[in-house]
Amino acid sequence: YRFFGEPVVKACVENGASCIDISGEPQFLEGMYLKYNEKAAEKRVYVIGSCGFDSIPADMGVLYTRDKLKGTLTAVESFLTVKSGPEGSCIHDGTWKSVVHGLSDQDNLKKLRKQIGYTPVPVVGEKLKRRGLVFYSQEFKQYSIPFMGSDVSVVKRSQRYLHTQLQETPVQYAAYANVGGFGSVVKLMFAGILFLLLVKFSFGRKLLIKYPEFFSAGRFTKKGPTQKQMDETSFSMTFFGEGYSEGQDPQKGKPNVKICTQVKGPEPGYIATPIAMVQAGVALLEDAACLPAQGGVYSPGAAFSKTKLIDRLNKHGMEFSVITKPEV
């Protein structure tokens, strides 16, 4: 999307068509907001980014958790688990390239956000404590790391919109991914250090892009996954929410209610992503009366919070549910 996405957005806005994409690149998503939000509003069209695995499960999952809590939700942590069969799983190297270019260009993302001039999202309730770079998750009895995708930035944009435009209580959010046992952590740390060293230099980036399979230990390949790998892979995203019971002021005292929810689905990149994108498109067409009052560039949670998107996803293989602690 960084290199090829803008002409599509530009053409859609200029010609009065709404647009949905599956980008997981914050710089592209927020750059389109800066450039086209006002023009899209004038044309009364909706440009809705990250409608794939990045970031429908996370963004709509936070809203689902909020709606299922009896009280006021103030903070959520999500944990992603990807399960694969005997042949493992892999991703096409297009995603790898997005990560390489995204991490090498972090400074420009900061400048872009300054240009947009985001209003800070207020912290309501107890401040959510960030966990470490690697930590042992008692909930899953395995090691976890911060999730590297765009989920946190997308959810934050949605929460900012819902707070400033609809006066809803903003939810703090942190995203993590489960990585397995100690051996997995050692491999991951070694690969991560090497990656971060190489990504800083153009020569290193060329190496990373030329040999994705080698530098990702087979996780990213130029061929992408086989049908069997896709059929045997699934994901679950578990949300631990906390907040304040009905009638209690979230600005006073500690959170006194908790909730655990989950979004489950098939293989994330090639099966769950098209399900999410198509159902987002259907919601855009059929739930038009429930969309924001004016057009613009939106994140999924901002655009679809009042629609039936979650119901649609539930009917098409992405399951949203409330679970109790023992079931986790």
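Contact here means heavy atoms within 4.5 Å. Keep that in mind as you work through these exercises on a predicted model.

**Exercise 1. Where does S305 lie, is S305 buried or exposed, and which residues does S305 touch, leaving aside those up to four places away in sequence?**

Solution. Start with the location: S305 sits in the loop between α12 (300–304) and α13 (309–315). Next, look at accessibility. Buried means under 20% relative accessible area, and S305 has 15%, so this residue counts as buried. Finally, list the partners: apart from residues up to four places away in sequence, S305 touches L63, L162 and P300.

**Exercise 2. Which residues have the most contacts inside the largest nonpolar core?**

Solution. The largest nonpolar core has 43 residues, and those with the most contacts inside it are I48, I56, M60, F235, F304 and L313. Now zoom in on M60: not counting residues up to four places away in sequence, M60 touches S55, P300, G301, F304, L309, I310 and F320. A second, separate core has 13 residues, including V13, C19, A40 and V297. As background, nonpolar side chains tend to be buried together in soluble globular proteins.

**Exercise 3. How many disulfides does the model hold?**

Solution. Apply the cut-off: the two cysteine sulfur atoms must be within 2.5 Å. The count comes to zero disulfides. Take C51 as a test case: the nearest cysteine sulfur belongs to C19 and is 9.3 Å away, and C51 is in no disulfide. C51 has 0% relative accessibility, so C51 counts as buried.

**Exercise 4. What parts of the structure does the salt bridge between R66 and E168 tie together?**

Solution. First the pair itself: the closest N and O atoms of R66 and E168 are 2.5 Å apart. R66 belongs to helix α3 (residues 56–68), while E168 belongs to the loop between α6 (151–166) and β7 (172–180), so the bridge ties together parts that are 102 residues apart in sequence. Both residues are buried. Then widen the view: R66, D67, E168 and K306 are linked in a network of salt bridges.

**Exercise 5. Are R312 and E286, a salt-bridged pair, buried or exposed?**

Solution. The side chains of R312 and E286 meet at 3.7 Å, N to O. R312 lies in helix α13 and E286 in helix α11 (residues 268–286), so the pair ties together parts 26 residues apart in sequence. R312 has a relative accessible area of 16% and is buried, whereas E286, at 60%, counts as exposed.

How values were computed
Residues numbered from 1 in each chain as written. Predicted model: local features only at pLDDT ≥ 70, side-chain atom pairs only at ≥ 80, totals over all residues. Heavy atoms only, no water. Buried < 20%, exposed > 50% of the residue type's maximum accessible area, 1.4 Å probe, protein only. Core = buried A, V, L, I, M, F, W, Y, C linked by side-chain atoms within 4.5 Å. Helix = DSSP H or I, 4+ residues; strand = E, 2+ residues; numbered from the N terminus. Salt bridge = Lys/Arg side-chain N within 4 Å of Asp/Glu carboxyl O.
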